[in-house]
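Here's a quick briefing to read with the model open beside you. Keep turning the picture as you go.

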Amino acid sequence: MPMVIDVDFQIRWAVPVHVRMAGGSRQRINGPDAALLALKSQWPSKDSAEFSLAMSRCRKALMEHGSAELARESFMDAAVRAKVLS
């Protein structure tokens, strides 16, 4: 029987994070689902420890009901490291 993973895509951070991606477009990241999308598809550098930790904590927040605010902090650290925090 296939395993069902309960994912909550409605998790929102109390305070969104704004980042500037390639081409200068500013994006408002409201929660771990949007953060994962940005990290996977638009992130300029995917080889830092901050990037890996942000990916892990955002997944955990969605799939295992981990701390959304811890995921936010890690995402912000990754954004600072990648110089995309706006």
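This model is predicted, and it holds two salt bridges. The general idea is simple: side chains of opposite charge can pair when their charged atoms come close. Let's take the salt bridges in turn, then look at a helix pair and the nonpolar core.

**Salt bridge one: Asp-33 and Arg-12**
- The side chains of Asp-33 and Arg-12 meet here, with 3.4 Å from N to O.
- Asp-33 sits in helix α1 while Arg-12 is in the segment before β1 (17-20), so this pair ties together parts that are 21 residues apart in sequence.

**Salt bridge two: Glu-50 and Arg-81**
- Glu-50 forms a salt bridge with Arg-81, and their closest N and O atoms are 3.6 Å apart.
- Again, distant parts of the chain get linked: Glu-50 belongs to helix α2 and Arg-81 to helix α3 (residues 68-82), 31 residues apart.
- Glu-50, with 29% relative accessibility, counts as partly exposed.
- Arg-81 has 52% relative accessibility; exposed means over 50%, so Arg-81 counts as exposed.

**How α1 and α2 pack**
- Two packed helices are described by the angle between their axes and the distance between the axes.
- For helix α1 (residues 32-41) and helix α2 (residues 49-63), that angle is about 145° and the axes are 9 Å apart.
- The crossing of α1 past α2 is left-handed.
- Which residues in α1 meet α2? They are Pro-32, Asp-33, Ala-35, Leu-36, Leu-39 and Lys-40.
- On the α2 side, look for Phe-51, Ala-54, Met-55, Cys-58, Arg-59, Ala-61 and Leu-62.
- Sorted by class, this contact has 10 nonpolar residues, three charged ones and no polar ones.

- In soluble globular proteins, nonpolar side chains tend to be buried together.
- The largest nonpolar core here has 24 residues, and the ones touching the most other members are Trp-13, Val-19, Ile-29, Leu-39, Trp-43 and Phe-75.

Methods
Residues are numbered from 1 along each chain as its sequence is written. This is a predicted model: local features need pLDDT of at least 70, side-chain atom pairs count only at pLDDT 80 or more; totals for chains, interfaces and linings use all residues. Side-chain values use heavy atoms; hydrogens and water are left out. Axes are lines fitted to C-alpha atoms, for helices over the stretch in contact, and angles run from 0 to 180 degrees between N-to-C directions. Helices (H or I, at least four residues) and strands (E, at least two) are DSSP runs, numbered from the N terminus. A crossing is left-handed if the near helix is turned anticlockwise from the far one by less than a right angle, and right-handed if clockwise. Contact means heavy atoms within 4.5 Å. Ala, Val, Leu, Ile, Met, Phe, Trp, Tyr, Cys and Pro count as nonpolar, Asp, Glu, Lys and Arg as charged, and the others, Gly among them, as polar. A salt bridge is a side-chain nitrogen of Lys or Arg within 4 Å of a carboxyl oxygen of Asp or Glu. Buried means under 20% relative accessible area, exposed over 50%, partly exposed in between (1.4 Å probe, protein chains only). A nonpolar core is a set of buried Ala, Val, Leu, Ile, Met, Phe, Trp, Tyr and Cys residues joined through side-chain atoms within 4.5 Å.
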